[in-house]
Amino acid sequence: MMGKGRAQAMGSRRAELPSRVDIAIIGGGIMGLSTAYHLSRISSLKVAVLERSYLVSGASGRNGGGLRMQWGDEGNVALMMESIEMCRGLAQELGINLWFRQGGYLFLARTEAGESRLTRNAELHHRLGAPTRLLSGAEALEIVPQLDVSDVRLAAFNPEDGVVFPWPFVWGYAGQAVSRGVTVRTHTAVDRIEGLADGLRLHLSTGERLDADRVLNATGAWSIELNRSLGIELPNHPHRHEIMSSEPLKPFLDPLVVDLATGLYFSQSTRGEIVAGITMPDEGPPATEVDLASSRRFLAHLGRALTTIMPLTAQLRVLRQWSGPYDVSPDGDAIVGPSPGLPRLYQVCGFTGHGFMMAPAVGKLLARLLAKGERHPMLERWDPARFSRGGSTRREDMIIG
Ligand SMILES: Cc1cc2nc3c(=O)[nH]c(=O)nc-3n(C[C@H](O)[C@H](O)[C@H](O)COP(=O)(O)OP(=O)(O)OC[C@H]3O[C@@H](n4cnc5c(N)ncnc54)[C@H](O)[C@@H]3O)c2cc1C
């Protein structure tokens, strides 16, 4: 159990709010808190984070905790190389155990298209200095002997990819941000935003108001409703993504395994549970609201795919299943920067199923933009205004889930 003092040091429903701040961050997920932490490191700006519920209530507390360099686009590979490098020292920096374990990611290709994706991407990884290795099915068995590799055409393994336990990651950023002067107020929703001559006024669910020079919308899949209330139309949409964890098993699985053909992914947590998710077929039109239901359909579909590729899991008992919201951007790129038509409101959304791993690097880039006006090339690419110009022309081919 966490002591009361420690919990309050990570933010609290009783944290006192000033009447005005330089930057108000709406949403106490990994994006909002990583940005708050980096702002507190590089500036003396007055910052407050407002979270509607408890700190790991959103996607940041519901995800698989996977971190990888194995992407198909140069910018994403470079960003994730930096994020993983930052993670190496992060437990010490944040003063909390993140359960960061670099067991690698093992991608399996069972189709010709998957094989050429892995081959093309491995060349890119080598050029950028990421240690991805292409393996035959037999070589993949040396890494995970329990796999059925009978129809695996090619595998790709990067030993520096890994997993974390998401909750302490979020708490660590919150704790350090608070200790550096950021106000983190939980159980307080932003109900409405009003324009002022010199800033924005937030109307809170507690009846309080908070004025800010600039506001960051870090509400993930809920950003759509906040934006809509301001007449800002961005094309991201929420998508329910389900996941499960099993009874704990003696540790035997080092990497996170991904089957490209089905979008199945699974890893073993430090506590021994198999944590698994999958791309669901035939999901219908894009959702307009966040839906956090769990389904038997998911368990049945996942069970078939998992037992095919890893037959011993047929004996596995499921302990928990849950879902979380992906915040899907239509061109596969995140949406970060000043809002079209309302430049005092910044966005950090649209990270689909990979915002957790990108948050260390994104928080740093965004803090530099907010505090110093520095525009990293990824921020040019993620510009929210790009959609009115037709969207990004790149298409990342390694989005899973
Ligand atoms: C099942 C699942 C598995 C995933 N696996 C991975 C993975 O392995 N690796 C990876 O990198 N990513 C993964 N992701 C994606 C990752 O979790 C997200 O991209 C990331 O957590 C997004 O962080 P965020 O801070 O933007 O959003 P969130 O964590 O959702 O935070 C937004 C916060 O805003 C709050 N909020 C909403 N509205 C308001 C309001 N009006 N006022 C105040 N607060 C408000 C919410 O309560 C919430 O806490 C996964 C996601 C899911 C759902």
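**Two loop residues and a helix**

Trainee: Where does Trp 99 lie in this model?
Mentor: Good place to begin, and keep in mind that the model is predicted. Look for helix H4, residues 90-94, and then for strand S4, residues 105-109. Trp 99 sits in the loop between H4 and S4.

Trainee: What is the phi of Trp 99?
Mentor: Trp 99 is a residue other than glycine, yet its phi is positive. The value is near 55°.

Trainee: Is Trp 99 buried, partly exposed or exposed?
Mentor: Its relative accessible area is 38%. Buried would need a value under 20% and exposed one over 50%. Because 38% falls in between, Trp 99 is partly exposed.

Trainee: Which loop holds Asp 282, and what is its phi?
Mentor: Asp 282 is found between strand S15 (273-277) and helix H9 (296-309). Asp 282 is not a glycine, but here too phi is positive.

Trainee: Is Asp 282 buried or exposed?
Mentor: Its relative accessibility is 73%. Exposed means over 50%, so Asp 282 counts as exposed.

Trainee: How many residues of helix H7 are buried?
Mentor: H7 covers residues 166-179, which makes 14 residues. The helix is mostly covered, and its buried residues include Phe 169, Tyr 173 and Gln 176. The count is 10 of 14.

Conventions:
Residues numbered from 1 in each chain as written. Predicted model: local features only at pLDDT ≥ 70, side-chain atom pairs only at ≥ 80, totals over all residues. Heavy atoms only, no water. Helix = DSSP H or I, 4+ residues; strand = E, 2+ residues; numbered from the N terminus. Buried < 20%, exposed > 50% of the residue type's maximum accessible area, 1.4 Å probe, protein only. Expected span 1.5 Å × (residues − 1).
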